Amino acid sequence: MDIKKFQDEVIRVFTIFDHLPNRRKHTGLSAVTHLMEEVGEVARQVTSEYHRPEKFDVKNLGQELADVLQFVVVIADLYKIDLSQEMSNSIKKVEDKISKF
Ligand SMILES: [Mg+2]
């Protein structure tokens, strides 16, 4: 799935989810807070790999990374940011750095 399709699909399901009873649409602040929560869940898994290997679950790590991406998309959507374009720009910046070595 390309980034634009992924972005559209995340927003489609979040729009439905946000209209369920007792739900509110995300604001920038609530989306960033949820993003930090998901980053914490990624950190917990990565920390477990070293400190509590019996609790490390690579499948869950993948799910938490996907959760992080979902909230990145929600934030981008709130600010009308085209993540496809931004990712292209970001990759180009890395390529420019590589070319200077
Ligand atoms: Mg999660």
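In the predicted model, helices α1 and α3 meet through Phe6, Gln7, Val10, Ile11 and Phe14 on the α1 side and Gln70, Val73, Val74, Ala76 and Asp77 on the α3 side. Their axes come within 9 Å and cross at roughly 85°. The two helices are therefore roughly perpendicular to each other. Helix α1 covers residues 3-18, and helix α3 covers residues 58-78.

Two residues illustrate this contact. Ile11 belongs to α1. Beyond residues up to four places away in sequence, Ile11 touches Val73 and Asp77. Ile11 and Val73 are 62 residues apart along the chain, yet their C-alpha atoms are separated by 7.6 Å. Ile11 is not buried: 16 other C-beta atoms lie within 10 Å, so the residue is partly exposed. A count of 20 or more would be needed for a buried residue. Leaving aside neighbours within four places in sequence, Val73 is in contact with Phe6, Gln7, Val10, Ile11 and Leu83. Of these, Phe6, Gln7, Val10 and Ile11 are among the α1 residues that meet α3. Leu83 is one of the α4 residues that contact α1.

The overall fold is helical. The protein chain has four helices and zero strands. Along the sequence, the pattern reads α-α-α-α. The radius of gyration is 16 Å, whereas a compact globule of 101 residues would have a value near 13 Å. Along its principal axes, the C-alpha trace spans about 55 × 40 × 25 Å. Buried residues make up 8% of the 101 residues. Among contacts with a separation of 6 or more, 67% join residues 24 or more positions apart.

The largest nonpolar core holds five residues: Val10, Ala31, Phe71, Val73 and Val74. Helix α3 gives the most to this core, with three residues. In soluble globular proteins, nonpolar side chains tend to be buried together. Val10, Val73 and Val74 take part where α1 meets α3.

Helix α2 (residues 28-51) also packs on α3. The axes of α2 and α3 come within 9 Å and cross at roughly 160°. These helices are therefore roughly antiparallel to each other. The crossing of α2 past α3 is left-handed. On the α2 side, the contact is made by Gly28, Ala31, Val32, His34, Leu35, Glu38, Val39, Glu41, Val42 and Gln45. On the α3 side, the residues are Asn60, Leu61, Glu64, Leu65, Asp67, Val68, Phe71, Val72, Val74, Ile75 and Leu78.

With 11 C-beta neighbours inside 10 Å, Gly40 counts as exposed. Gly40 and Val13 are 27 residues apart along the chain, and their C-alpha atoms are separated by 23 Å.

A further packing pair joins α1 and α4. Their axes lie 8 Å apart, at an angle of about 140°. That angle makes α1 oblique to α4. The crossing is right-handed. Ile3, Lys4 and Gln7 of α1 make the contact with Leu83, Ser84 and Met87 of α4. Helix α4 covers residues 83-99.

Two loop residues have positive phi values. Asn22 is found in the loop between α1 and α2. Its phi is near 65°, a positive value in a residue other than glycine. Asn22 is exposed, with 4 other C-beta atoms within 10 Å. Lys80 is found in the loop between α3 and α4. Phi of Lys80 is near 55°, again positive in a residue other than glycine. Lys80 is likewise exposed, with 6 other C-beta atoms within 10 Å.

Key:
Residues numbered from 1 in each chain as written. Predicted model: local features only at pLDDT ≥ 70, side-chain atom pairs only at ≥ 80, totals over all residues. Core = buried A, V, L, I, M, F, W, Y, C linked by C-beta atoms within 7 Å. Buried ≥ 20, exposed ≤ 12 C-beta atoms within 10 Å, placed from the backbone. Contact = placed C-beta atoms within 7 Å. Rg over C-alpha atoms; globule rule 2.2 N^0.38 Å. Axes fitted to C-alpha atoms, helices over the stretch in contact; angles between N-to-C directions. Parallel < 35°, antiparallel > 145°, perpendicular 65-115°, else oblique. Left-handed = near helix turned anticlockwise from the far one by under 90°.
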